[in-house]
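Please read the points below alongside the sequence and the structure.

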Amino acid sequence: MVVTPAPSAPPASRRVTGLSDPGRCLVMGILNVTPDSFSDGGAFLDRTEAIDHGLALAADGADIVDVGGESTRPGATMVWERDEIERIAPVVRQLASGGAAVSVDTRKADVMTAALAAGARMINDVSALTYDDRSADVVAAAGVPVVLMHHQGDPATMQEDPHYDDVLGEVYIWLEERVRAAEEAGIAREKILIDPGFGFGKKLAHNLELMNGLALFHSLGCPIVVGASRKRTVGALSGEAPADKRLGGSIAFALKAVEQGVQIVRVHDVFETVQALRVWRGMRDQGLTPRL
Ligand code: 7PM
């Protein structure tokens, strides 16, 4: 007997891969090509290892591979532009030529230019184009999408004593202003994504309020990106679990984000996150299927 699926539901196989739903939350896999990254101990500094890890992220279901060559953790030392380019460009080139959609996590205009020449298709700037006064022009000229992330203070000192009277309102207004500045620099509004910057100049309570109130940011009219993967907030809520023991908490945050309709989650553990999102979607789709 041939069982035809109900017209309201896509075939199960397509539902599982998400191909039937262009609106599903995308997964951005994190690829650190740094010697001092807190969560993988610089294990991917070696170029071929970095490339292999990037390919594995894509194979595990990452829609985007986010390549970063500069650690932006609290207290991190600065990386010279040329070193950052040397680290990431060959990795970007290899991943892009293999068909991966590559974004590059950098605050520097020359690194953006080099990464775009190597095949990157998107810029992810934790400074929201405030760090380098040439960066907005690079993004505008390239016509690529850009993630504008909120932060308070410099990476070196941002966790010393972050203060907000109203974290949701202040982050919202700051992002609104950065979107306006980006548009003024010639970046089309449909190329702009926003990110509340989990952990960037925020205390535990600030991060939790942002996570609970994420849906507010939809009224800025830009896709939302959220990255909470392996961050200190997870450790703070789980008996100070070390960075390599934060998968469960990272997934809890990813689900909280997707529940509020964010468009991209930025994570280290792509396979496990994709699985969690599929289970979440399966439950939601069942709930949306009319009962006969
Ligand atoms: C050390 C500390 C290394 C912190 C890396 C980090 C985000 C990002 C980062 C984010 C977007 C990390 C961070 N975080 N880009 N880049 N959103 N858009 O944990 O939350 O990966 S770097």
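**Notes on the predicted model**

1. R230 counts as buried, with a relative accessibility of 15%. The structure shown is a predicted model, and this should be kept in mind for every value that follows. R230 is placed in the loop between β7 (225-226) and α8 (232-236), and its phi is near 60°, a positive value in a residue other than glycine. As background, most residues other than glycine have a negative phi.

2. A second residue with this kind of backbone angle is L129, which is not a glycine and yet has a positive phi of about 65°. L129 is found in the loop that runs between β4 (122-125) and α5 (135-142). Its relative accessible area is 7%, so L129 is buried, the cut-off for that word being under 20%.

3. L247 belongs to helix α9, which covers residues 247-259. Is L247 buried, partly exposed or exposed? With a relative accessible area of 29%, L247 is partly exposed, because that class lies between the limits of 20% and 50%. If neighbours within four places in sequence are set aside, L247 is in contact with D269 and E272.

4. Helix α9 also packs with helix α7 (residues 204-212), at an angle of about 40° and with the two axes 9 Å apart. The two helices are therefore oblique to each other, given that angles under 35 degrees would count as roughly parallel. On the side of α7 the residues that meet α9 are L208, M211 and N212, and on the side of α9 they are F253, K256 and A257. Sorted by class, this contact of α7 with α9 has four nonpolar residues, one polar residue and one charged residue.

5. Strand β1 (residues 26-32) deserves a separate look. How many of its seven residues are buried? Six of the seven are, so β1 is largely enclosed by the rest of the structure. β1 pairs with strand β8 (residues 264-267) in the parallel sense, over four bridges, and within this pairing the bridge partner of M28 is R266 in β8. β1 also pairs with strand β2 (residues 64-68), again in the parallel sense, here over five bridges, with I30 standing opposite D66 in β2.

6. Turning to charged pairs, a search of the whole structure finds 13 salt bridges. In one of them R134 is joined to D110, with the closest N and O atoms 3.1 Å apart. R134 lies in the loop between β4 and α5, whereas D110 lies in helix α4 (residues 109-117), so that this pair ties together parts that are 24 residues apart in sequence. Both partners are partly exposed, R134 with a relative accessible area of 40% and D110 with one of 33%.

7. The salt bridge between the side chains of E177 and R180 has an N to O distance of 2.9 Å. Where do these two residues lie? Both are in helix α6 (residues 167-184), three residues apart, which is about one turn of the helix. E177 is partly exposed, at a relative accessible area of 37%, and R180 is likewise partly exposed, at 39%.

8. A further salt bridge joins the side chains of R189 and E183, at 3.0 Å from N to O. R189 counts as partly exposed, with a relative accessibility of 34%, and E183 is partly exposed too, with a relative accessible area of 33%. Elsewhere, salt bridges that share partners join E70, E84, R107 and K108 into one network.

Notes: Residues numbered from 1 in each chain as written. Predicted model: local features only at pLDDT ≥ 70, side-chain atom pairs only at ≥ 80, totals over all residues. Heavy atoms only, no water. Buried < 20%, exposed > 50% of the residue type's maximum accessible area, 1.4 Å probe, protein only. Contact = heavy atoms within 4.5 Å. Axes fitted to C-alpha atoms, helices over the stretch in contact; angles between N-to-C directions. Parallel < 35°, antiparallel > 145°, perpendicular 65-115°, else oblique. Nonpolar A, V, L, I, M, F, W, Y, C, P; charged D, E, K, R; others polar. Pairing = 2+ DSSP bridges. Salt bridge = Lys/Arg side-chain N within 4 Å of Asp/Glu carboxyl O.
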